[in-house]
Each structure stands twice: as structure tokens, then as C-alpha cells.
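Take a look at the chain below.

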Amino acid sequence: RDRVVRALENRGLAVNYTAKVGEMIDRNGRDPGRDRRIYNQAEVIKFCSAALSRDTMEADLRNMFLSVSIAVYPLPQSPGTVHLSYRLPAAQGSGQSIRTLRAVEKLLADITAEALN
């Protein structure tokens, strides 16, 4: 988690919100009687690049719902290993829209590559 945050900060980006997904899943699992732990301290780190967000929305107004986030989670069966994942935005719209969304893909790949090294 700290490495992801550092990689964001190295690019002049800041964390907007950290979702404590692991805690939420544990808490909500109790309601239907499911107590098996799925994650250990799973978090989803949401962040924004003002320039890149602006570029994507100017290219295509449908890109307003572009959410950029990286999930960080160890699994109970392998607590010494931390996994990173992210969801790629759908490259849609005009050529300019697709180019800006590809820039988002590259940003996500670069941040996770830095965090993993």
C-alpha cells in the first residue's frame, strides 16, 4: 500500500479515498452467515490526475465516470504476498477519447510497476 501511495506521489498525484474493502466484506459477510475470510486488509486506493481526467472528459463526455483506482490485498492463504490489481477503462469513443484512455491505462501500469519494484 505504501509503495502504491509513493508511486502516486512521485507523479504529483494524491489519494482521494481509500476504501477498506476487506473490512466491509468481513462485516457484511456476517449478515448472511458467511464467516470465511476472503481478504486480509484489502484496500482500494482511488486517485485522480486532474490533467488526465480533464483530457478524457474533454475528449468524450461519457468518460465522466472514469474512476481510477488500484486494489491492494494479501490473501489469507498467502499472507506474505501482496497483490495489486486495477480495472482498465473501456477504450471507446473518438480517436482522441481512445488516446486519452490509453494514457490512463499507461498511468495505471506505470504506477503498479513502480510499486512492485
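Is Glu58 buried or exposed? Glu58 is exposed, with a relative accessible area of 54%. Keep in mind that this is a predicted model.

Stay with Glu58 for a moment. Its side chain meets that of Arg54 in a salt bridge, at 2.7 Å from N to O. Both residues sit in helix α3, four residues apart, so about one helical turn separates them. Arg54 counts as exposed too, at 54% relative accessibility.

A search of the whole structure finds nine salt bridges. Another one joins Arg11 and Glu114, at 2.6 Å from N to O. Arg11 lies in the loop between α1 and β1 (14-19), while Glu114 belongs to helix α4, so this pair ties together parts that are 103 residues apart in sequence. Arg11 is partly exposed, with a relative accessible area of 32%. Glu114 is partly exposed as well, at 30%.

Now find Asp60. This residue is in the loop between α3 (50-59) and β3. Its side chain forms a salt bridge with Arg62, at 2.7 Å from N to O. Arg62 counts as exposed at 56% relative accessibility. Asp60 has 10% and counts as buried, because buried means under 20%. What does Asp60 touch, leaving aside its neighbours within four places in sequence? The contacts are Gln92, Gly93, Ser94 and Ser97. Elsewhere, salt bridges that share partners join Arg1, Asp2, Lys20 and Glu43 into one network.

Next, go inside. In soluble globular proteins, nonpolar side chains tend to be buried together. Here the largest nonpolar core has 16 residues. Val4, Leu8, Phe47 and Ile111 touch the most other members. Four elements, α1 (2-9), β2, β3 and α4 (95-116), each supply at least two residues of this core. The largest share, five residues, comes from α4.

Not counting residues up to four places away in sequence, Phe47 touches residues including Leu8, Leu13, Val68, Ile70, Leu107 and Ile111. Apart from this core lies another, of six residues, among them Ala19, Ala71, Tyr73 and Leu75.

The whole structure holds one aromatic pair. The rings of Tyr39 and Tyr73 have centres 5.5 Å apart and planes at 75 degrees, so the pair is edge-to-face. Tyr39 is in the loop between α2 (21-29) and β2 (43-48), and Tyr73 is in strand β3 (residues 68-75), 34 residues apart. Tyr39 is partly exposed, with a relative accessible area of 27%.

Conventions. Residues numbered from 1 in each chain as written. Predicted model: local features only at pLDDT ≥ 70, side-chain atom pairs only at ≥ 80, totals over all residues. Heavy atoms only, no water. Phe/Tyr/Trp six-rings, centres within 6.5 Å; stacked < 30°, edge-to-face > 60°. Buried < 20%, exposed > 50% of the residue type's maximum accessible area, 1.4 Å probe, protein only. Core = buried A, V, L, I, M, F, W, Y, C linked by side-chain atoms within 4.5 Å. Contact = heavy atoms within 4.5 Å. Salt bridge = Lys/Arg side-chain N within 4 Å of Asp/Glu carboxyl O.
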